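Here are my notes on this model, point by point. Please read them with the structure open.

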Amino acid sequence: MRADRFEAVLDGDPRELVARAWDLAGIGRAYESWLAQAAELIDGLPDDAPDDRVFAVRSRLVHGWRNFLFRDPGLPAELLPPGWPGEKARAYFEQEAARLLPAAAAFVDRTLADL
């Protein structure tokens, strides 16, 4: 197998390159909007919600979050603007998705067992 390898060095400010390549302000606004909507969705779920409702809410949470997997380039912190909301959104998603998983999985297991 043949392979070519090379290394390059950026001649300039990496923040300028990032600013030309990605709309970080737009992505940041999208994170803030998603986080507000996700908090509203989660806050509307009663503590004693049935498993099917928990499954539906968790599915909506995951569906909204997965869009960032295609939009956010995952840059290192030193290239992100101060106060980058992506980290707060990620932490919220991981916490709530994990918290809702047992009830959502129980609904799926019960539904599949009935087939």
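**Notes on salt bridges and helix packing**

1. Start with the pair R110 and D51. They form a salt bridge, with the closest N and O atoms 3.3 Å apart. This pair ties together distant parts of the chain: R110 belongs to helix α5 (residues 86-113), D51 to helix α3 (residues 51-66), and 59 residues separate them. Bear in mind that the model is predicted.

2. How accessible are the two partners? R110 has 42% relative accessibility and D51 has 22%. Buried means under 20% and exposed means over 50%, so R110 is partly exposed. By those cut-offs D51 is partly exposed as well, because 22% falls in between.

3. Now the other salt bridges. The search of the whole structure finds six. One of them joins the side chains of R2 and D4, at 3.3 Å from N to O. R2 is exposed, and D4 is exposed too. Another links E7 with R5, where the closest N and O atoms are 3.4 Å apart. Both E7 and R5 are exposed.

4. There is also a network. Salt bridges link E87, R90 and E94.

5. Next, the geometry of α3. The helix has 16 residues. From first C-alpha to last it reaches 22 Å, close to the 22 Å expected at 1.5 Å a residue.

6. Which residues of α3 are buried? They are V54, V57, R58, L61, G64 and W65. Viewed down the axis of α3, these buried residues fall within an arc of 125°, so they line one face of the helix. Note that R58 is in the buried set.

7. What does the buried set of α3 pack against? The partners are α2 (24-43), α4 (68-71) and α5. Helix α5 therefore meets α3 in two ways in these notes: through this packing, and through the R110 to D51 salt bridge, R110 being in α5 and D51 in α3.

8. Look at α2 against α3. Two packed helices are described by the angle between their axes and the distance between the axes. Here the axes of α2 and α3 come within 10 Å and cross at roughly 180°. That crossing makes α2 roughly antiparallel to α3, because angles over 145 degrees count as such.

9. Which residues make the α2 to α3 contact? From α2 come Y31, W34, A38, L41 and I42. From α3 come V57, R60, L61, G64 and W65. Of these, V57, L61, G64 and W65 are also listed as buried in α3.

10. P85 deserves a look. It sits in the loop between α4 and α5. Is P85 buried or exposed? Its relative accessibility is 14%, so P85 counts as buried. P85 touches G28, Y31 and E32, leaving aside its neighbours within four places in sequence. Y31 is also among the α2 residues that meet α3. P85 and A30 lie 55 residues apart in sequence, yet their C-alpha atoms are 9.2 Å apart in space.

11. S33 lies in helix α2. With a relative accessible area of 36%, S33 is partly exposed. S33 and A49 are 16 residues apart along the chain, and their C-alpha atoms are separated by 25 Å.

How values were computed: Residues are numbered from 1 along each chain as its sequence is written. This is a predicted model: local features need pLDDT of at least 70, side-chain atom pairs count only at pLDDT 80 or more; totals for chains, interfaces and linings use all residues. Side-chain values use heavy atoms; hydrogens and water are left out. A salt bridge is a side-chain nitrogen of Lys or Arg within 4 Å of a carboxyl oxygen of Asp or Glu. Buried means under 20% relative accessible area, exposed over 50%, partly exposed in between (1.4 Å probe, protein chains only). Helices (H or I, at least four residues) and strands (E, at least two) are DSSP runs, numbered from the N terminus. The expected span of a helix is 1.5 Å times one less than its number of residues. The arc is that of the directions from the helix axis to the C-beta atoms. Contact means heavy atoms within 4.5 Å. Axes are lines fitted to C-alpha atoms, for helices over the stretch in contact, and angles run from 0 to 180 degrees between N-to-C directions. Angles under 35 degrees count as roughly parallel, over 145 as roughly antiparallel, 65 to 115 as roughly perpendicular and the rest as oblique.
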